[in-house]
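Biologist: Could you put the model up, so that we can go through it together?

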Amino acid sequence: MKNLTDSFVYLGHWPSAGSFGFNTDILATNPINLSVVFGVLVFFGKGVLNDLLDNRKQRILNTIRNSEELREGAIQQLENARARLRKVETEADQFRVNGYSEIEREKLNLIDSTYRTLKQLENYKNETILFEQQRTINQVRERVFQQALQGAIGTLNSCLSNELHLRTINANIGMFGTMKEITD
Amino acid sequence: MNVLSCSINTLIKEGLYEISGVEVGQHFYWQIGGFQVHAQVLITSWVVIAILLGSAALVVRNPQTIPTDGQNFFEFVLEFIRDVSQTQIGEEYGPWVPFIGTLFLFIFVSNWSGALLPWKIIQLPQGELAAPTNDINTTVALALLTSVAYFYAGLSKKGLGYFSKYIQPTPILLPINILEDFTKPLSLSFRLFGNILADELVVVVLVSLVPLVVPIPVMFLGLFTSGIQALIFATLAAAYIGESMEGHH
């Protein structure tokens, strides 16, 4: 029994006291099993891990490629939009210039036509004034004439007498007599 | 009778105990200030931190638009962590990704370093090197950090209104809700600690009994559970944070 325990003690002897050092007991430190475990782990783990990492890398690459494509598309669209903006701006400029000249022309036309209308109105005015003047003159003339005629009639009526008649007749006879003598 | 008991005693005290080479409770102590710290945990934690920082710094030293192999791997890990955070926390997962990621990566690399690196080649004056998560102090620290994190998340999101969740849906549940705050870090830390310690113990015991081949399946099982435990810890931490941030309407 003592022997047995001694052998046990020897087998499991563990130098527990002392200082730092290396334990060279290859069975107790278990490096063989550890290396086997490590080897198996590397052998199987490597494949799995590589697959996993490759997949991940591929996914990242795909994502990057996709986003680059998207970026290129977006740049293209931006370029297109810029070109269209430029085109529209030039068109707008053209329209603006056209509009200004059109407005100028319209203004000139309007001024011209207004001027003409104004002139016409002036003419009308002058004509009207002239006409009115004429009419007033005529009226005045008519009235003066009428008054003169009335004066003459009054004078005639007041001055008409037998003596005047006789004198006039005599004068006329004398006139006719002289006229006859002359013709004879 | 006496002989038998004596031999059994001897067997148990020296034989089995030393066969297995299991040194639970034996630590290599450093005195820092007034504290005794478990130096083997610190050393392995530093190694883990060095692995994480070194590999990250090395790989993302020259980042490319189209990721190279290492960068691709690290981005994949980051995506995974973000995915976990988003699933558990919800919309406002952004600020918590570093925390969840740190938890996950540290625990994961710790666990796998315990299962894959031949720590035992380096011999300490006392105790032995193993995964940092093999020590309950590490896991309790991580779990308490998680507690602080979810309290901070809830308080900063809802102010003192955060505490109204303790009396919901009914005030009768108040003791249970308070108890939850203690059971959460407890369960987190013990789950991780227990799993990793059990994994390593099983491997160590099997190695001491049958040094070759037989421990290999158990070691794979250990790798699997280690990864699962890291994921569980990170997921639960994120879930607690998300739970304390979500509105109870």
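The chat below goes through a helix of chain A and then turns to chain B.

Modeller: Before we start, this is a predicted model, in which local features need pLDDT of at least 70 and side-chain atom pairs count only at pLDDT 80 or more, while totals for chains, interfaces and linings use all residues. Residues are numbered from 1 along each chain as its sequence is written, and chains are lettered from A and ligands numbered from 1 in the order in which they are written.

Biologist: Where is the kink in H3(A) centred?

Modeller: The kink is centred on A:Gly45 and is about 35°, where the bend is the angle between axes fitted to the seven residues ending at a residue and the seven starting there.

Biologist: And which residues of H3(A) are buried?

Modeller: They are A:Asn33, A:Leu34 and A:Val37, with buried meaning 20 or more other C-beta atoms within 10 Å, exposed 12 or fewer, and partly exposed in between, for C-beta atoms placed from the backbone. Because the number buried is three out of 129 residues, H3(A) lies largely in the open.

Biologist: Switching to chain B, how many helices and strands does it have?

Modeller: Chain B has seven helices and three strands, and 31% of its 249 residues count as buried.

Biologist: What covers the buried residues of H5(B)?

Modeller: The cover includes H2 (39-59), H4, H6 and H7 of chain B, and among the buried residues of H5(B) are B:Leu142 and B:Tyr150.

Biologist: Last one, is B:Leu52 buried or partly exposed?

Modeller: B:Leu52, which is found in helix H2 of chain B, is partly exposed, because 16 other C-beta atoms lie within 10 Å. Leaving aside neighbours within four places in sequence, B:Leu52 is in contact (C-beta atoms, placed from the backbone, within 7 Å) with B:Leu105 and B:Val109.

Methods:
Helices (H or I, at least four residues) and strands (E, at least two) are DSSP runs, numbered from the N terminus. Two residues are in contact if their C-beta atoms, placed from the backbone, lie within 7 Å.
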